[in-house]
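Subject: Structure handover

Hello,

Here is the structure I promised to pass on. Please open it first, then read my notes beside it.

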Amino acid sequence: MSTPSTPVRVRMAPSPTGSPHVGMIRTALFNWAFARHHGGTFVFRIEDTDKERSTDESLRSILDLMRWLGLDWDEGPEVGGPYAPYFQSERSDKYADALARLKESSFTYECYCTNEEAAARRKAAGSKVQGYDGFCRELSQEQVDAFLAEGRKPVVRFRMTDGSITWKDLVRGDVTFETEFVPDFALCRANGDPLYTLVNPVDDALMEITHVLRGEDLLSSTPRQIALYEALKEVGIAKATPEFGHLPYVMGEGNKKLSKRDPEAHALAYRDQGYLPEGLLNYLALLGWAIAADRDVFSLEEMVEAFEIGDVVANPARFDLKKCDAINAAHMRLLSVEDITHRVIPFLKADGVISDPVNDADAQLLELAMPLVAERINKLSEASALLAFLFVDEDAFEVDPDDAAKQIGEAGIPVLQASYDALAALPTWSTDAIQTALQAALVDGLGLKPRNAFGPVRVAVTGRRISPPLFESLELLGRDRSLGRLQRALG
């Protein structure tokens with residue numbers, strides 16, 4: 001794609017009506033990257049005209065998620081901008097003005113039909129065209145009076161033009177719809193509340209949005225919006241029709257579209273489960289785009305440098321949680337120990353592993369322990385299970401019963417006793433000394449294979465079969481606590 005001739009202005013316009021979906025984040029990412037690549041403006045707008053379903057909780061979730069991901073916006077909530085307000089619920093005067101101008105220029109008409117009446121006429125006519133049949137397009141005054149006498153309140157419908165509507169989709173190429181299959185559509189409810197079909201294009205027009213990048217599920221609404229844009233230009237509201245690009249579906253299991261009911265669809269869950277924003281965004285970028293044929297891991301900065309909307313493929317992309325995990329793990333490996341430590345602390349606090357605020361003793365122990373686990377965790381939330389044994393009070397220390405059953409049985413008691421005796425005799429408590437003593441006692445003394453020798457000791461002192469490196473863990477745990485736990489395991 002060549003560089004746009006006018007400054008790029010794209011927007012993300014979510015509805016705060018539930019838990020944010022990963023598909024929404026993928027759309028936000030592509031819009032954000034497109035704007036940043038072209039030095040344009042990323043507008044964040046809240047489509048909250050659905051008063052019954054919009055909630056403050058959902059709005060907070062969306063804002064928190066965007067901040068966590070680092071998808072900063074140039075205009076919108078909390079930052080303002082020249083086209084404020086950025087909440088549709090605060091822009092009703094603009095929609096009323098648009099409706100009035102469209103009505104005055106005969107682009108709309110009032111419709112008194114019920115959905116049941118329109119459906120009955122379609123059935124009687126044997127029509128396969130879904131939607132409204134245009135019955136009220138040319139009502140006589142007598143017909144209007146009769147409807148009003150029944151107490152009916154009209155909705156406002158847009159008059160679709162005859163012929164066909166074609167646009168060059170930025171992802172799919174030329175797309176054509178015959179308008180005979182695009183029925184006249186409502187712009188507002190009977191109570192006057194504006195609908196998405198009106199507010200979305202009007203806001204895009206007034207905010208001078210140049211490119212609309214959105215999901216494939218909205219493709220069928222595009223001919224209606226293009227026809228409305230032509231009308232908005234004629235009545236002096238729109239300056240131009242934006243270019244459209246429809247992003248591929250995100251599919252779940254069984255090649256079905258990923259729905260809000262699918263657990264992997266909930267974007268906030270990834271933050272809570274300890275994924276890195278860099279890892280999640282990297283993976284979502286791969287759902288329809290690639291930086292190179294032989295490369296999956298890249299930074300957000302690298303994506304911005306390379307991103308072109310024309311490189312997005314039109315085919316559906318399947319969400320693969322295992323690949324998402326692998327991409328996230330790759331980004332974990334790119335972080336310094338100090339960075340991982342900083343990001344892990346909120347999880348350790350939430351799990352009660354360390355104090356909040358962090359006291360000096362916990363901070364010092366964490367600084368020593370994190371190098372042992374930084375290369376072993378693939379999500380930030382995994383640190384708590386690996387480190388808890390170092391911070392827990394001795395009277396609260398517990399051994400996993402399943403792990404104990406596998407490692408500390410009748411055969412494990414001699415191993416624990418030999419370990420206790422060897423460690424208790426150490427004049428100095430260091431990693432090297434601990435390793436030398438245990439290898440001499442268990443491998444040389446008891447004749448155990450190294451991969452079998454240390455399991456009982458690991459479970460006894462850390463509580464789990466999976467832990468940081470054993471000898472370093474024992475040094476950090478200290479002589480008294482280590483020997484005490486071995487003694488408790490011996491009974």
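Below is what I found, from the whole chain down to single residues.

**Whole chain**

Keep in mind that this is a predicted model. The chain holds 21 helices and 11 strands. Its radius of gyration is 31 Å. The globule rule gives 23 Å for 491 residues, so the chain is more spread out than a compact globule. Along the principal axes, the C-alpha atoms fill a box of roughly 105 × 50 × 40 Å.

Of the 491 residues, 50% are buried. The accessible surface is about 23,500 Å², and carbon and sulfur atoms supply 50% of that surface. Now look at contacts with a separation of 6 or more: 75% of them join residues 24 or more positions apart.

Charges come next. There are 53 positive side chains and 75 negative ones. The centres of these two sets lie 4 Å apart.

**Cysteines**

A disulfide is a covalent bond between the sulfur atoms of two cysteines. How many disulfides does the chain have? The count is 0.

Start with Cys113. Its closest cysteine sulfur belongs to Cys136, 3.4 Å away. The cut-off for a disulfide is 2.5 Å, so that sulfur is too far for a bond. Cys113 is buried, with a relative accessible area of 14%.

Cys188 is in no disulfide either. The nearest cysteine sulfur, in Cys111, is 11 Å away. Cys188 is buried too, at a relative accessible area of 4%.

**Helix 14**

Find residues 383–391, which form helix 14. Is this helix largely enclosed or open? Of its 9 residues, 7 are buried, so helix 14 is largely enclosed by the rest of the structure. The buried ones are Ala383, Ser384, Leu386, Leu387, Phe389, Leu390 and Phe391.

- helix 12 (337–350) and helix 13 (360–373)
- helix 19 (455–462), helix 20 (470–477) and helix 21 (479–490)

**Thr222**

Last, go to helix 7, residues 222–234, where you will find Thr222. Is Thr222 buried or exposed? Its relative accessibility is 0%, so Thr222 counts as buried.

Which residues does Thr222 touch, leaving aside neighbours within four places in sequence? Thr222 is in contact with Trp167, Arg214, Phe244 and His246. Val175 is 47 residues from Thr222 along the chain, and their C-alpha atoms are separated by 9.9 Å.

Best wishes

Notes:
Residues are numbered from 1 along each chain as its sequence is written. This is a predicted model: local features need pLDDT of at least 70, side-chain atom pairs count only at pLDDT 80 or more; totals for chains, interfaces and linings use all residues. Side-chain values use heavy atoms; hydrogens and water are left out. Helices (H or I, at least four residues) and strands (E, at least two) are DSSP runs, numbered from the N terminus. The radius of gyration is taken over C-alpha atoms; the globule rule is 2.2 Å times the number of residues to the power 0.38. Buried means under 20% relative accessible area, exposed over 50%, partly exposed in between (1.4 Å probe, protein chains only). Contact means heavy atoms within 4.5 Å. Accessible areas come from the Shrake-Rupley method with a 1.4 Å probe; for residues, only the protein chains shown count as cover. Lys and Arg count as positive and Asp and Glu as negative; His and the chain ends are not counted. The place of a charge is taken as NZ of Lys, CZ of Arg, CG of Asp or CD of Glu.
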